[in-house]
Amino acid sequence: MNGTDKSREQLIEQAIRKYADMIYRIAFQSLKNRHDAEDVLQEVSLCLVTKNAPFGDEAHLKNWLIRLTVNKCRDFHRSFFRRNSEPLDEHLELEAPERQEVLEEIFRLPRDYSVIIYLYYYEAYTISEIAEILGKNPNTVSSSLQRARKRLKKLIKEANDE
């Protein structure tokens, strides 16, 4: 093993340690299942090892990992297994109890809306950054965020009225 292989291994290890929680949270938010989110985390980690990851720029690497995670989640939603199985109800343990209700309502939103809400509020990305990550027009992301907020507000109001 030469010096470049060792330094690449160190970069991969650092990236996994730094971004594993973020990747897992995004996958869990999308898939709503702890085991499936762990599978996506493994797939993204494997891609980090096997693909030509952009290690030169930290922001570019983070965006690349988020885009890869979102795409792996989409692939999982499209998979034969996912379409032909019934998910088991799981207890959400990611957030504090007072925030868990809001997170549960976010899960009830359509997937495109929930990803945008999650990236905006939980990962603190700007609309233009989300547009770049998702490969969408910033105006589209902005209007989707507004629609998602309205739907989320309605869902929370309905849940509180019950």
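Helices here are DSSP runs of H or I with at least four residues, numbered from the N terminus. This is a predicted model, so local features need pLDDT of at least 70 and side-chain atom pairs count only at pLDDT 80 or more, while totals for chains, interfaces and linings use all residues. Residues are numbered from 1 along each chain as its sequence is written, and side-chain values use heavy atoms, leaving out hydrogens and water.

Q: Is N33 buried or exposed?
A: Buried means under 20% relative accessible area and exposed means over 50%, with partly exposed in between (1.4 Å probe, protein chains only). N33 has 9% relative accessibility, so this residue counts as buried.

Q: Which residue's side chain makes a polar contact with the side chain of E123?
A: A polar contact is a pair of N or O atoms within 3.5 Å; within protein, one must be able to donate a hydrogen and the other to accept it, and residues adjacent in sequence count only if both atoms are side-chain atoms. E123 is in the loop between α6 and α7. At 2.9 Å, its side-chain partner is R25.

Q: How far apart in space are E123 and M22, C-alpha to C-alpha?
A: Along the sequence, 101 residues separate these two.

Definitions and conventions. Helix = DSSP H or I, 4+ residues; strand = E, 2+ residues; numbered from the N terminus.
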